[in-house]
Amino acid sequence: MNKTNQTVVVLDFGGQYKELIARRVRELHVHSVILPGSISIEELRDMRPDGIILTGGPHSVYREDAPHTVKELFEIGVPILGICYGMQLMAYTLGGKVTPCEVSEYGTIETFVDDDCPLFCGIEREFSSLMSHTDFVGELPKGFKRAAHTADCPTAAMYDEERGLYAVQFHPEVERTKQGMDILSNFLYKVCKLKGDYSIDDFIEREVKRIREQVGDRSVVLGLSGGVDSSVCAAILEKAIPNQLTCIFVDHGMMRKNEGDEIEAAFKGKSLNFVRVDAGSRFLKKLEGVSDPEKKRKIIGEEFVRVFEEESSRFGGSFLAQGTIYPDVVESGLTTGAVIKSHHNVGGLPKDTRFVGLVEPLRSLFKDEVRALGRKLGLDEKLVSRQPFPGPGLAVRCIGEITKDKLDILREADFIYREELEKAHLRYDQFFAVLTNMRTVGVMGDGRTYNYVVGLRAVITSDFMTCEYAHVPYEVLDRVSSRIVNEVKGASRVVYDITGKPPATIEWE
Ligand code: XMP
């Protein structure tokens, strides 16, 4: 391995938090890579790691079908931290005993530090940690000391300082372990004695080099939606291979007000070939008479692929770039086998493709790392901090059949809502207007009106899997409502959505 930074190797034994561990290490300014737990000791040695972390995993180490390792791993000469299953694997391999818990621990558990193990230097003697285990280390391997316990787990942490072996039963990488970052930091800086020589600049340098090596002098085609991921992907590709990149922006006509032009303005004039395909009327035609939400989504998804294929057919022999980020990979079950929801951009190239390969520069990053990268690459803050926008766009916010008139009403109402929130310096995780398919009677001046009801939504969430509705101040809602009914022709009533997820979803369709 061409080593430019000190590196911690995260050995994967099937834990769902492996990327999170690797990311925490990077947050602490140490470069990290994830490798399979089955890697040979020779290969591992060749990488010259400066520290090793063993991940958790769903197995019972004393079962034959569990992933095992060899004693030599623990003689490799660099400090090792075992987490959860990684701790049990360490104990089992070195002659300790792992047995089923009498009381399994799941959730946040009070944890007590027992001695002055370097991992707990500066840590409060009692802290809460996230536990999730049905086995525990019942007997320590020779040379180890117990470092922490909980009410139901006598060995919440153990270590052998002489051999540089450390292990914790809990998950220091998750937020629910208070002081988890301090514990990881102690491992990196007090135990491994690392310098902390990694930053996002290193990521850029490394990735630029990797992209150049992968692509050579071929061209690359990227489907640009204007969202954070594809925009940052475009920016790093442009840096790596200027003049070899074509970005295809399929405008399906269901973007928010001015959005298509803003995306064009952000990317036009750079050293990339920007192609905007105005396919709005084509999409509208396909959607004529369709009001079922799933059908609408399906039609848009299929039409999108068709337009993209037509436009990219000129680029046979090129690479296809995608802004896939790590949570997409996890949700699509590529790491664990459990599909949460399928993402169209995960899972490799289709078989009958004209492209020669996939370029995915952001595949190991989390959303906030992608944003940080975008800023570093000089992208406009507006693009980088853009709230999520669903692939089918306003189609899932325009209830019932989609028509150009309804989309226009929605676009105007949504624009006013966003403008007023911005003026009031209110920035929720996601906020938008919805055009319901319902019309109600109203009165304006002396006349009767019969126009659409606009719904407003604003949510607070960190993972978008659950959310609470935001308590937008009444004065702001007042202003939005009054502007919408006065300024938007076709809208005569405004309601605010006060439902969380679950039971609702964030989008209305
Ligand atoms: P729901 O409505 O399922 O949305 O609570 C959760 C988050 O996902 C976004 N969303 C989508 N994003 N393609 C996307 O790229 C889609 O088809 C899609 N549908 C929902 C939604 O905006 C929210 O942030």
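E311 is partly exposed, with 21% relative accessible area; buried means under 20%, exposed over 50% and partly exposed in between (1.4 Å probe, protein chains only). The side chain of E311 meets that of R314 in a salt bridge at 3.6 Å, N to O, and R314 counts as exposed at 55%. A salt bridge is a side-chain nitrogen of Lys or Arg within 4 Å of a carboxyl oxygen of Asp or Glu.

The model is predicted: local features need pLDDT of at least 70, side-chain atom pairs count only at pLDDT 80 or more, and totals for chains, interfaces and linings use all residues. Residues are numbered from 1 along each chain as its sequence is written, and side-chain values use heavy atoms, with hydrogens and water left out.

The count comes to 39 salt bridges. Three of them are listed here.

| Pair | N to O distance |
|---|---|
| R23 and D368 | 2.5 Å |
| E310 and R282 | 2.9 Å |
| R314 and E311 | 3.6 Å |

R23 lies in helix 1 (residues 18-27) and D368 in helix 11 (residues 367-376), so this pair ties together parts that are 345 residues apart in sequence. Helices are DSSP runs of H or I with at least four residues, numbered from the N terminus. R23 counts as buried at 7% relative accessibility, while D368 is partly exposed at 42%.

E310 is in helix 9 (residues 293-312) and R282 in helix 8 (residues 280-287), so their bridge joins parts 28 residues apart in sequence. E310 is partly exposed at 43%, as is R282 at 29%.

Notes. Helix = DSSP H or I, 4+ residues; strand = E, 2+ residues; numbered from the N terminus.
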